[in-house]
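Let's take a quick tour of a protein chain, one topic at a time. Keep the picture open while you read.

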Amino acid sequence: MLSYGLCFGWASPSLPNLLQPNSSVPLIPQEAVWVTSFQTIGGTIGSLCGNFLLNAIGRKWSLLFTAVPGIVGWMMIAFATSAWELMIGRFAYGLSTGYGYMCVTVYVGEISPADIRGILTSMLTVSAKFGVFIEWTIGPFLSMRNLALVSSAVPICFLIGILWIPESPYHLMRRGKHGQAVMSLMQLRGSANVSAEADIIEKSVEADLANDTGFRELLGVPGNRKALIIVLCLLVLQQWSGSQAILSYAELIFNATGNPLEGKYVTIILGAVQVVCTILSTIVVDHYGRRPLLMISSLGTSISTFLVGLFFFLRSIQADVSGITWLPATGATLYLVMYAFGLAALPFTMLSEVFPTNVKALGGSIGMFVCNLCAVIVSLTYKDIADQFGMHGAFWLFSTVSLLGVAFVYFYTPETKGKTLQEVQDQLHGRKSL
């Protein structure tokens, strides 16, 4: 997840340099949009591989294969001499993030005890945000090649380190390997007293696998269909709240305000704020629950993107904004704070919780496909929307989506805090827990 964060954060410090005429790979604005977007295009395609890989080779080995295109992507970026080579490098890394994000979310959701599952799945987002912060901090001061080479060290370390982690006990039970599943649980829990939990997992997997594993089961069963709607809507909300635009174009946005503090320093500050707030979110997620945090986060991102849009609106009507050049930075900071408290992590937490074992890989794959597709659309259309309707139009669109998200969470999203995966299924399917 740290390596994915490096990939997500690469564009913000790199694009201002690449748009300069003396850049090692000078880009025109439209090429910069495509270089940024090719990562999410790769992610969209990569997410389609997740369903097959998770079930065919397991959670652990699926994760191992995410590192390979990631390393290839960084090498392509490091030695690129043209826009197309940058695009191919970003696409390769996008393949890694596309199915890797889903694989790691499913894996951690399955190995986590119910009482701390929210914390552990949220820590994945902490790692990703820390990767963004690292990239934003070192990116402005390194050449494109050196930045890519430094960034490639993380997936290389991961490729080596993953060899020592255990396979998911849910996947082992799914393959009928009861003994290995018990050994995995013992390693994960640090205790030999896992028989009760192993029995619960075995019964849950047996009940799930008695059903179909395809689209008919996912869409035809009301509880599964509700789980899919919840995940898809939360991921659409996450992407259309404006996160992709702020992450990719943060430095360019702040440079456009005329603020005397250079954009690169503002983004470093924002990166640090983002990490701290995401850490705080992990502390409270299993205490206050998913629903309250999602509603607060959605409302906060709506207000913050409205404020950023307000600044650019006032400037577009030639109002004097010299006294409020701090407003976009304040709005973006507030956005990252509120985004970190819910929308950044909890859609992926819910993805790991709401699907039964038999359709978890398929549901997760569809969820990540939609997530990456939305990210592609935001990346490709943000500048066009900003050029056509003004930057305020783009940010007010994000604000409206976030506000609609508050209503969706309130009326449709269930609370899963502290529940076992089986109890979550009973809740979605309207059954009484045993």
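**The nonpolar patch and the rest of the tour**

Helix H4 (50-78) and helix H7 (144-161) each supply at least two residues of a nonpolar patch. Keep in mind that you're looking at a predicted model.

- The nonpolar surface patch covers about 850 Å² and is built from Ile-57, Trp-61, Phe-65, Val-68, Val-72, Ile-156, Ile-160, Leu-163 and Trp-164.
- Which helix gives the largest share of the nonpolar patch? That's H4, with five residues.
- One of the patch residues is Val-72, and you'll find Val-72 in helix H4.
- Val-72 has a relative accessible area of 44%, so it's classed as partly exposed.

**Salt bridges**

- Take Lys-360 and Glu-110, whose side chains meet in a salt bridge at 3.7 Å, N to O. This pair links distant parts of the chain, with Lys-360 in helix H17 (residues 357-389) and Glu-110 in helix H5 (residues 83-111), 250 residues apart.
- Are Lys-360 and Glu-110 buried or exposed? Both Lys-360 and Glu-110 are buried.
- There's a network here too: salt bridges link Arg-59, Glu-110 and Lys-360.
- Now look at Glu-353 and Arg-290, which form a salt bridge with their closest N and O atoms 2.5 Å apart. Again the pair links distant parts of the chain: Glu-353 sits in helix H16 (residues 346-354) and Arg-290 in helix H14 (residues 290-316), 63 residues apart.
- Why do we call Glu-353 buried? Its relative accessible area is 0%, and buried means under 20%. Arg-290 is buried as well, because its relative accessible area is also 0%.
- Arg-189 and Glu-197 make another salt bridge with their side chains, at 2.7 Å from N to O. Arg-189 counts as partly exposed because its relative accessibility is 23%, and Glu-197 counts as partly exposed because its value is 27%.

**Aromatic rings**

- Phe-312 is in helix H14 and Phe-395 is in helix H18 (residues 391-412), so their pairing ties together parts that are 83 residues apart in sequence.
- At 4% relative accessibility, Phe-312 counts as buried, and so does Phe-395 at 1%.
- Next comes the pair of Phe-313 and Trp-396, which is tilted, with 5.4 Å centre to centre and 40 degrees between the planes. Because Phe-313 lies in helix H14 and Trp-396 in helix H18, this pair ties together parts that are 83 residues apart in sequence.
- Phe-313 is partly exposed, with a relative accessible area of 28%. Trp-396 is partly exposed too, at 26% relative accessibility.
- Which residues make up one aromatic cluster? They are Trp-240, Phe-311, Phe-312, Phe-395 and Phe-398.

**Charges over rings**

- Lys-360 is back: this residue lies over the face of Tyr-170, at 5.7 Å from the ring centre. Remember that Lys-360 also forms a salt bridge with Glu-110.
- Lys-226 lies over the face of Tyr-412, at 5.4 Å from the ring centre.

**A closer look at Ser-122**

- You'll find Ser-122 in helix H6 (residues 117-138).
- Ser-122 counts as buried because its relative accessibility is 1%.
- What does Ser-122 touch, leaving aside its neighbours within four places in sequence? Ser-122 is in contact with Thr-282, Val-285, Ala-345, Leu-346 and Thr-349.
- How far apart are the C-alpha atoms of Ser-122 and Met-75? They are separated by 30 Å, and the two residues are 47 residues apart along the chain.

Definitions and conventions. Residues numbered from 1 in each chain as written. Predicted model: local features only at pLDDT ≥ 70, side-chain atom pairs only at ≥ 80, totals over all residues. Heavy atoms only, no water. Salt bridge = Lys/Arg side-chain N within 4 Å of Asp/Glu carboxyl O. Helix = DSSP H or I, 4+ residues; strand = E, 2+ residues; numbered from the N terminus. Buried < 20%, exposed > 50% of the residue type's maximum accessible area, 1.4 Å probe, protein only. Phe/Tyr/Trp six-rings, centres within 6.5 Å; stacked < 30°, edge-to-face > 60°. Lys NZ or Arg CZ within 6 Å of the ring centre and 35° of its normal. Patch = residues over 30% accessible without salt bridge, like charges linked within 9 Å, V, L, I, M, F, W, Y side chains within 5 Å. Areas by Shrake-Rupley, 256 points an atom, 1.4 Å probe, with all protein chains shown as cover. Contact = heavy atoms within 4.5 Å.
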